[in-house]
Amino acid sequence: MDYLPVAWRLKAELALVVGGGEVAMRKARLLIRAGAVLRVVAPEIDGEFAALVRENGGSLLEERYRETHLDGVALAIGATDDQSVNQALHDDAKVARVPVNIVDNPALCTFIFPAIIDRSPLLISISSGGASPVLARWLRAKIESTLPARLGELATLMGDFRKKLAGRLPSIGARRLFWEGVLDSPIAEQALAGRVDQARAGLQKAIDDADAETLSRGEVFLVGAGPGDPDLLTFRALRLLQKADVVLYDRLVSPGVLELARRDAEMVYVGKARADHALPQDNINDLLVHYAQQGKKVCRLKGGDPFIFGRGGEEIDSIAEAGIDFQVVPGVTAAAGCAAYAGIPLTHRDHAQSVRFVTGHRKDGSVSLPWDTLVTPGETLVFYMGLVSLPEISKNLVAQGMRSDMPAALISRGTTTEQEVIVGTIGSLPADIAEREIHAPTLIIVGDVVGVYPRYSWFQTDQ
Ligand code: SAH
C-alpha cells in the first residue's frame, strides 16, 4: 500500500490554494464541499472563481505566492502552470510539515485526491495511487451505477440511532448483527425508497424489541471454499464468511478466499498436510464448539466441498451434539473445478455415463480400495489425495483389466493461476510424472473423457 486512505475532517479549517484558474477552482469546489475555508493566492484570479471563494467566506490574495501564505493552513494545493511556483510551494510545505498536493504532479504530492462517490455521510473513495486516474474514475462509474441513490439517507438514519442502540445492546458483536439484520430488512428498503419517517418508526421498534440473547448466540457455518479460484465461491459462502467473527481454515483454502473475510475476524489456521497434522481433528471439533459457545459466529472454511473427503461430517457431529446452530454451505469440489478448468468433461454421452470420486488415501495411510468394482466400462474415476499412491492405483487398475492405454490426467493446483495438467495413460502416468516436480494439491482423472483433452481446454495459465 503506497498511500493510506483516510477521511479527513476539514470543517472550518484553512486551506491554501495557489493558482487562479480552472484547475484550481475545481479543487477549491471540493474543499468547499468539505467545509474548508479557502485562502486563494495568484497574481490573477478568474472572476467566477473569485466569486465562489468570496461567497464561501474565503480570502483572495492577488499576488505571487510567498512562504508566509502557508501560515496556519491545514493543507496546501498547487495548481499553477508555473512549475517553479509549484516546486517552491511543495518545498516550503514539506519544511512546514503541511500536507501538500501539486495537481498532476504525483512526485510533488504528500497526499493525493481519490475519485469520490459522495452519498454523504457515506463516502467511497477510489485511488490508483496516481498510476491511472482514468481507471479509478472508470471504477467509480461502475460502483456508482450499482449503488442506491439514497444511501446517504440510510447512513444518516443509522447514525441517528447508534447511541440509542448502544444503550440497549452493550455488546459490540450483538450490535453489529442487529445492524446487519436492519440492512437486510424492510427498514433499509424504506429508507432507500425515501420513506424515511416509516423507516425511522420501524427502526425505533426494532431497537425496542432487540433481544441481546438471540443476537449473541454462537453459530457455526461449515463452508465449502472451492478448489482455489475465489470466483468459485457461492454467494452464501461469501455472505457468511463476511459475517464470521472467527474463521478456521485449512491448508487448501486459497489466500484469495481468505482475503474476503472481515478485516477484524480472527483467522485460525487448522490446516493439515498429509502426514503432518497441524491440529488433530478432535481439537478442531473442540475449537469450533469452544468459539461458538462464546457466542461467536464461526466460519469453518474447507477446501472444495465440506462433505466430500472433508470430514465435514465429523465436525458437524460434535457441533450438533453440543446443541449449537449450524449451516452447511456446499462448495465446488476439486473434481468439478479441476475438470472444468482443464476442459475434461467428467461425463460425456460418447465416453462416460457415470463418475466416481475415490480417495487414494485412507486414515491409516494405506490404499485399500475395492479394485474389482473400480474398473467399470463408461465410468470416469476421480482420485482425490492419490499422488503418493499413483503407482499402486495404476498397477491395480490394470491388473483388474483396465486398458493400460486408458487416458489419465493429473491436475495440480487446479483452478488457480498455477494450474498444471499432465496427460498420459493409466499405464504411463506414474513414469510421466516421476521426474517432474509436482505441486500439491493434485487430482487424478482416469477415463475416456480425458481423451478430449486439450480440445475443450479454455483456461490459460502462465505454464
Ligand atoms: N473437500 C475437498 C477435498 C478434500 S481432500 C473437495 O471437495 O475438493 C484434499 C484433496 O482434494 C487433495 O489431496 C486433492 O486431491 C484434491 N484437491 C483439492 N483442491 C485441489 C486443487 N485445487 N487441485 C487439485 N486437487 C485438489
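**View 1. An open sheet of five strands in the predicted model.** The strand order is β15-β16-β19-β17-β18, and the pairing is mixed. Strands here are DSSP runs of E, at least two residues long, and helices are runs of H or I, at least four, numbered from the N terminus. Two strands pair if DSSP finds at least two bridges between them. β15 (354-359) and β18 (420-425) are the edge strands, each pairing on one side only. Neighbouring strands are turned by 20° against each other on average, direction ignored. This is a predicted model: local features need pLDDT of at least 70, side-chain atom pairs count only at pLDDT 80 or more, and totals for chains, interfaces and linings use all residues. Residues are numbered from 1 along each chain as its sequence is written, and side-chain values use heavy atoms, with hydrogens and water left out.

**View 2. Strands β17 and β19 side by side.** β17 (residues 407-412) and β19 (residues 442-446) pair in the antiparallel sense, over five bridges. Leucine 410 stands opposite isoleucine 444 in β19.

**View 3. A helix across the sheet.** Helix α15 (residues 334-342) lies across β15, β16 (379-384), β17, β18 and β19. α15 runs at about 75° to β19. Axes are lines fitted to C-alpha atoms, for helices over the stretch in contact (heavy atoms within 4.5 Å). Angles run from 0 to 180 degrees between N-to-C directions.

**View 4. The largest nonpolar core.** This core has 22 residues. Such a core is a set of buried (under 20% relative accessible area, 1.4 Å probe, protein chains only) Ala, Val, Leu, Ile, Met, Phe, Trp, Tyr and Cys residues joined through side-chain atoms within 4.5 Å. Val17 and Phe49 are among those with the most contacts inside the core. The largest share, five residues, comes from α1.

Terms used
Buried means under 20% relative accessible area, exposed over 50%, partly exposed in between (1.4 Å probe, protein chains only).
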